[in-house]
Amino acid sequence: MTLYTPLRTVAASAVMTLVAWPAAAHDDAMQIVASFSILGDMVEEVVGDLATVTTIVGPDADAHVYQPSVADARAVAEADVIFVNGLGFETWSDTLIAESGTEATIHVATDGIMPIEVDGEIDPHAWNSLPNGVLYVRNIADAVAEAMPDHADEIAANAEAYIAELEALDAETRAQLSELPDDRRTVVTAHDAFGYLADAYGLNFLAPVGIDTEAEPSAQDLAVLIEQLQAEGAAALFVENITSPALVEQISDETGIEIGGRLFSDALSERGGPATSYLAMFQHNLGALLDALGSDVDG
Ligand code: ZN
């Protein structure tokens with residue numbers, strides 16, 4: 001791959017010949033790459049200003065079906081530390097990493113998490129429970145402290161402060177969702193991204209598409225889901241930020257169940273949106289669920 005190796009040479013010769021080179025592009029800061037926006041935000045919370053964090057799959061984008069760019073390959077090649085979600089989420093990451101020739105250490109943020117299975121497949125969306133989010137943060141903190149031992153104290157302090165915020169939101173989520181009556185706990189989303197949230201907080205999520213956005217639902221699967229919803233009902237339907245709303249709109253039309261809002265499942269929102277960090281995303285999703293399932297529970 002001639003693409004990657006000349007970059008450092010070009011940078012070095014540019015410096016030697018005193019050609020202007022953007023100072024931030026090749027500074028001495030540790031270069032960390034995270035595979036998708038939610039993970040990238042967690043890494044930024046832990047490292048603060050100690051490292052430069054590059055995210056591959058950006059806001060509002062679908063990591064299940066992502067196609068890496070040349071810029072992604074360059075970021076991976078130049079990285080010192082790389083974080084991926086694992087559990088089969090980033091089907092493209094092994095090839096990207098192998099072909100980049102990177103010497104970075106590779107860390108799986110879900111190490112130690114108890115995976116859940118959906119229809120015999122491992123569900124990769126482990127971040128959608130806050131206790132799992134705490135495990136992600138501990139894994140990230142361990143990895144970056146190992147990479148930057150001189151800054152271990154600062155990294156540990158950042159991680160502990162962040163974990164305290166995640167645990168406070170977890171307690172609030174449990175308290176608020178526990179108030180919902182049993183018949184207001186079934187929710188429909190486009191793809192099956194909230195199994196960990198359902199397990200952690202006692203909700204029931206149904207989806208016409210499985211845990212991977214790549215597959216289209218068959219007409220028969222869709223008919224079965226619509227029949228089930230017509231018979232048993234659901235408290236709310238939600239569109240997602242990373243998938244087309246068409247399928248959920250169709251289910252709404254056929255069942256008469258209203259669309260209760262938008263959930264952020266696999267990616268943060270663009271800047272200025274309601275979910276620009278993992279914490280803000282979880283707060284937004286909690287608020288959207290409470291608004292749709294029982295707006296008087298916290299009042
Ligand atoms: Zn997903």
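**Figure 1. The whole protein, a predicted model.** Among the contacts with a separation of 6 or more, 66% are between residues 24 or more positions apart.

**Figure 2. The zinc site, with four protein donors.** Which residues hold the zinc ion as protein donors? They are His 64, His 125 and His 191, each through NE2, together with Asp 266 through OD. These donors lie 1.9 to 2.1 Å from the zinc ion. The angles among the four donor atoms run from 95 to 118°, and the site is tetrahedral. If you follow the chain in the sequence above, you will meet the donors with the spacing H-x60-H-x65-H-x74-D. Two of them, His 125 and Asp 266, are 141 residues apart, and the pair links distant parts of the chain. Asp 266 sits in the loop between strand E10 (259–263) and helix H10.

Figure 3. Look for His 125 in the loop between strand E6 and helix H5; the strand covers residues 121–122 and the helix residues 130–147. Is His 125 buried or exposed? Its relative accessibility is 0%, so His 125 counts as buried. Asp 266 has a relative accessible area of 1% and is buried as well. The side chain of His 125 makes a polar contact of 3.2 Å with the side chain of His 64. Another polar contact, also given as 3.2 Å, joins the side chains of His 125 and Asp 266. Leaving out residues up to four places away in sequence, His 125 touches His 64, His 191, Asp 192, Ala 193, Tyr 196, Ile 211 and Asp 266.

Figure 4. How many aromatic pairs does the structure hold? There are seven. In one of the pairs, the ring centres of Tyr 278 and Phe 282 are 6.5 Å apart and the ring planes meet at 75°; planes over 60 degrees apart count as edge-to-face, so this pair is edge-to-face. Both residues belong to helix H10, which covers residues 278–294, and they are four residues apart, about one turn of the helix. Tyr 278 and Phe 282 are both buried. Elsewhere, Phe 36, Phe 89 and Trp 127 form one aromatic cluster.

**Figure 5. Helix H6 and the helices it packs against.** Helix H6 takes in residues 152–177, which is 26 residues. Does its span agree with what its number of residues predicts, or disagree? At 1.5 Å a residue, H6 should span 38 Å, and its end C-alpha atoms are 37 Å apart, which agrees. The buried residues of H6 are Ile 155, Ala 159, Tyr 162, Ile 163, Leu 166, Leu 169, Asp 170, Thr 173, Gln 176 and Leu 177. These buried residues pack against helices H2 (37–47), H5, H7 (195–201) and H10.

**Figure 6. Leu 197 in helix H7.** Leu 197 has a relative accessibility of 4%, so it counts as buried. Setting aside neighbours within four places in sequence, Leu 197 is in contact with Asn 128, Gly 202, Leu 203, Phe 205, Phe 282 and Leu 289. The C-alpha atoms of Leu 197 and Pro 131 are separated by 10.0 Å, while the two residues are 66 residues apart along the chain.

Figure 7. You can find Leu 87 in the loop between strand E3 (81–84) and helix H4 (93–100). With a relative accessible area of 25%, Leu 87 is partly exposed. Asp 119 has a relative accessible area of 77% and is exposed.

Definitions and conventions
Residues are numbered from 1 along each chain as its sequence is written. This is a predicted model: local features need pLDDT of at least 70, side-chain atom pairs count only at pLDDT 80 or more; totals for chains, interfaces and linings use all residues. Side-chain values use heavy atoms; hydrogens and water are left out. Rings of Phe, Tyr and Trp (its six-membered ring) pair if their centres lie within 6.5 Å; planes under 30 degrees apart count as stacked, over 60 as edge-to-face and the rest as tilted. Helices (H or I, at least four residues) and strands (E, at least two) are DSSP runs, numbered from the N terminus. Buried means under 20% relative accessible area, exposed over 50%, partly exposed in between (1.4 Å probe, protein chains only). Donors are N, O and S atoms within 2.8 Å of the metal (3.2 Å for Na, K and Ca); water is not among the atoms, so sites may look incomplete. Four donors count as tetrahedral if all angles lie between 85 and 135 degrees; four count as square planar and six as octahedral if opposite donors are over 155 degrees apart and all others between 65 and 115; anything else is irregular. The expected span of a helix is 1.5 Å times one less than its number of residues. Contact means heavy atoms within 4.5 Å. A polar contact is a pair of N or O atoms within 3.5 Å; within protein, one must be able to donate a hydrogen and the other to accept it, and residues adjacent in sequence count only if both atoms are side-chain atoms.
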